[in-house]
2 protein chains.
Amino acid sequence: MALRYLTARLAQQIDEELMSATGAFSLDQLMELAGLACAQTLATVYSREQYPRVLVCCGPGNQGGDGLVAARHLGMCGYKPTIWMPKPGNKDIYQRLKTQCDNMKIPTIAPSQDTSSLRDALARSDVVLDAIFGFSFKPPVRAPFDSALPLIASSGLPIVSVDIPSGWDVEKGNAEGLGLNPDVLISLTAPKEGAKSFKGRHFLGGRFVTKALEEKYSLQLPEYPGFSQIVELPKVEEGQKL
Amino acid sequence: MALRYLTARLAQQIDEELMSATGAFSLDQLMELAGLACAQTLATVYSREQYPRVLVCCGPGNQGGDGLVAARHLGMCGYKPTIWMPKPGNKDIYQRLKTQCDNMKIPTIAPSQDTSSLRDALARSDVVLDAIFGFSFKPPVRAPFDSALPLIASSGLPIVSVDIPSGWDVEKGNAEGLGLNPDVLISLTAPKEGAKSFKGRHFLGGRFVTKALEEKYSLQLPEYPGFSQIVELPKVEEGQKL
């Protein structure tokens, strides 16, 4: 049995189940472990010696929260993260996570009317952590992200995307060609259908899925090595059916 | 400048500061990272191949919560944890953390009038994670822990203690000889004064202390290696002044 790729709806359902009275996880817990897995993935591929300056691009939803947690862990591990979060979500948790980053003196790019501040930040960065859109993304890409995605894409910087590359359809992938083309993808809980066509290095994180939940949804998750919060998935060969 | 050992009062103060509006951490976040560090410490010293059966002994306070998180992560990493938690705290978070363990089918020892169920569990275990008392412990040790500590001590099993070995005075250590004598200690945030006389393998966890906080309290924390949530402290030589 092969690893299962989730529809947007199923991803949503599993997320809700984890945080239900039955699953008993808090958003704080899941986001902490997810963000830690994102930071660990970036650190596995891009060393802090060669890629110290990480531009963490955060969207307005939970994905942006994962990004903030990752920025903090990257900072703790000696990277020099900078946050770009032009539309902070209004959940209390984002403000708390942002304050934690502020306390570490992680700079946040001041929002600007045009894309100049993002452009400047990209010029001063070594790698991008793309935590803009997650599995609840529905097109179209709205401002200011509509102009940001092409800027990030054309920066030439390596990109690590969280869960689904930003701009991709969660199920159909980058069929319309509007999304980022990351070098690395870190899927959370289980990969999404859209990630089937992803050709770069693909990691899985979210080591909080119980055996019971895995079996209920036939996720067929791979075994995580040792004490790691992430596991690298085998490379997809050209033409391989998933 | 040497690593600072904290008084009970200072440990309390730093904890409160982390969770204040200024520090912005939630208890869920700190407990998740603390419990992960505890599990990682145990896994570093006692392999799951040779020591699969971990008896996680949980007290009624936040220390017990760290134990529940550690039990879950140990279970995720292939250990066979069992929980002994005779006096669950009444905070909502303990119930949620306990449910997460239940969902993983981690067994909890049914409380018994005498110590027989604990005795049986010790006989079926390879190593003990002692998450009974933390830095807010004040003597005397009350029932059922008063009879449990000698049982655990005489079991002959290796013991990993969280923050301060249970039964030790947080500042004076095991001067009265009533506490456990663990093989391994995982101090959280910074070691406590009582741990100065600890002679076993000593780890530090809690990679959430900002530089600013570290400097404010002159903690002089060691550098954590790579992406690890723990760092081993140098061994204390006989007669060495701290």
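Q: What joins strand β4 (residues 159-162) of chain B to strand β5 (residues 184-188) of chain B?
A: Three bridges do, and the two strands run parallel. Strands pair if DSSP finds at least two bridges between them, so three bridges make these two a pair. Within β5(B), B:L185 is the bridge partner of B:S161. Strands are DSSP runs of E (at least two residues) and helices are runs of H or I (at least four), numbered from the N terminus.

A word on the model itself.
This is a predicted model: local features need pLDDT of at least 70 and side-chain atom pairs count only at pLDDT 80 or more, whereas totals for chains, interfaces and linings use all residues. Residues are numbered from 1 along each chain as its sequence is written, chains are lettered from A and ligands numbered from 1 in the order in which they are written, and side-chain values use heavy atoms, leaving out hydrogens and water.

Q: What makes β2 (80-84) and β7 (230-232) of chain B edge strands?
A: The open sheet has seven strands with mixed pairing, in the order β2-β1-β3-β4-β5-β6-β7 (chain B). Both β2 and β7 of chain B pair on one side only.

Q: Which strands of chain B does helix α2 (residues 27-45) of chain B lie across?
A: Helix α2 of chain B lies across β1 (53-58), β3 (127-131), β4, β5, β6 (201-205) and β7 of chain B, at about 155° to β5(B). Such angles run from 0 to 180 degrees between N-to-C directions, with axes fitted to C-alpha atoms, for helices over the stretch in contact.

Q: Why are the two copies said to be related as by a two-fold rotation axis?
A: A rotation of 180° with 0.0 Å of shift along its axis superposes chain A on chain B (RMSD 0.0 Å). That is why the two copies are related as by a two-fold rotation axis. The superposition is by least squares on C-alpha atoms of residues with pLDDT of at least 70 in both copies.

Q: How many residues of chain A are in contact with chain B?
A: 35 residues of chain A are in contact with 35 residues of chain B, where contact means heavy atoms within 4.5 Å.

Q: What makes B:R48 and A:E223 a salt bridge?
A: A salt bridge needs a side-chain nitrogen of Lys or Arg within 4 Å of a carboxyl oxygen of Asp or Glu. The closest N and O atoms of B:R48 and A:E223 are 3.7 Å apart, so the pair meets the rule. The rule finds two salt bridges across the interface of chain A and chain B.
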